[in-house]
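Subject: The structure I promised you

Hi,

Here is the model we talked about, handed over with my notes. Open it up and follow along as you read.

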Amino acid sequence: MEERAEEFGQVTRFTIAREVPMDAAAREALLDRAMGRNCKRKSSEKLRRGRMPSEGLSFVVRDDAGTLVATVRLWDITAGEDGPKSLLLGPLAVEPSLKGAGIGSALMRHAIAEARRLGHKAVLLVGDAPYYARFGFSAERTRRLAMPGPYERERFLALELEDGALDGAAGVLKASGRKVPAASTSLAA
Ligand SMILES: CC(C)(COP(=O)(O)OP(=O)(O)OC[C@H]1O[C@@H](n2cnc3c(N)ncnc32)[C@H](O)[C@@H]1OP(=O)(O)O)[C@@H](O)C(=O)NCCC(=O)NCCS
């Protein structure tokens with residue numbers, strides 16, 4: 001797999017890379033540390049379960065020693081009934097001891113840029129609006145859309161990568177990604 005990487009930070013060097021199957025255990029452990037098992041009960045999880053992440057859109061951040069310190073994945077969805085193809089972002093998590101160092105922002109910007117480069121038109125997520133607003137997300141374009149389970153409306157956010165991509169989109173989001181092959185669970189979490 002082609003690996004795109006970039007560096008940021010001044011003291012410790014961090015690298016953003018595509019997630020690989022060998023990252024699975026470290027990623028699961030990081031998610032447990034960063035957010036507990038709550039992320040598995042979210043309505044977002046209904047759109048992820050049994051599906052593969054969108055091709056080329058799972059990223060990790062590693063430190064100099066190669067330790068995985070952050071993760072984000074994007075998932076293929078349909079935005080409502082016969083709606084436009086879109087992406088669902090999440091979970092995003094950063095090693096708790098490294099919070100506030102800019103890792104989450106760098107990872108978000110990289111993921112959004114890659115989604116745009118791959119031709120995707122819109123990204124949706126459920127998360128803290130004050131954090132995601134800095135990347136252009138708002139609840140404005142999700143008013144007529146719904147998650148397939150309980151969620152707080154003000155946390156249901158979207159970013160159009162192409163102006164008007166979500167025009168007319170209405171209804172419940174649906175998973176549209178590749179199904180996890182029966183014999184493999186390594187990328188299914
Ligand atoms: C939320 C999270 C991904 C942010 O990553 P990070 O690397 O700490 O973020 P950055 O260093 O890039 O950005 C820090 C800035 O975001 C702000 N911020 C962080 N979390 C925030 C939140 N939940 N709401 C509003 N602002 C937030 C900080 O105050 C800081 O602001 P500043 O730039 O004005 O000082 C990380 O804290 C995390 O993993 N949290 C637990 C898991 C989680 O909540 N994930 C998101 C929902 S799925």
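The side chain of Thr 71 makes a polar contact with the side chain of Arg 27, at 2.9 Å. (A polar contact is a pair of N or O atoms within 3.5 Å; within protein, one must be able to donate a hydrogen and the other to accept it, and residues adjacent in sequence count only if both atoms are side-chain atoms.) Before you go on: this is a predicted model, where local features need pLDDT of at least 70 and side-chain atom pairs count only at pLDDT 80 or more, while totals for chains, interfaces and linings use all residues. Residues are numbered from 1 along each chain as its sequence is written, and side-chain values use heavy atoms, with hydrogens and water left out.

Back to Thr 71, which you'll find in strand β4, residues 68-78. Helices (H or I, at least four residues) and strands (E, at least two) are DSSP runs, numbered from the N terminus. Is Thr 71 buried or exposed? Its relative accessible area is 0%, so Thr 71 is buried. The cut-offs are under 20% for buried, over 50% for exposed and partly exposed in between, with a 1.4 Å probe and protein chains only. Leaving aside neighbours within four places in sequence, Thr 71 is in contact (heavy atoms within 4.5 Å) with residues including Phe 59, Val 60, Pro 91 and Leu 107.

Leu 107 takes us to helix α3, where it is one of the buried residues, along with Ile 103, Gly 104 and Ser 105 among others. With 11 of its 15 residues buried, α3 is largely enclosed by the rest of the structure. (The expected span is 1.5 Å times one less than the number of residues.) Just after α3, Gly 119 takes a positive phi of about 95°.

Now the ligand. How many residues surround it? There are 18, and the closest are Val 94, Gly 102, Gly 104, Ser 105 and Asp 128; a residue counts if one of its heavy atoms lies within 4 Å. Ligand oxygen atoms come up against polar backbone atoms at 2.8 Å for Gly 100, 2.7 Å for Gly 102 and 2.7 Å for Gly 104. On its own the ligand has 900 Å² of accessible area, and the protein covers 65% of that. Such areas come from the Shrake-Rupley method with a 1.4 Å probe; for residues, only the protein chains shown count as cover.

Ser 138 counts as partly exposed because its relative accessibility is 29%. Its side chain reaches the backbone nitrogen of Glu 140 at 3.1 Å. Not counting residues up to four places away in sequence, Ser 138 touches Phe 156, Leu 157 and Ala 158.

Finally, the overall view. The protein chain has 4 helices and 11 strands, and 47% of its 189 residues are buried. The chain averages a pLDDT of 91, with 88% of residues scoring at least 70; pLDDT is the predictor's confidence in each residue, from 0 to 100. Over residues 1-5 the pLDDT is below 50, and this stretch has 13 contacts in the model beyond near neighbours in sequence.

Cheers
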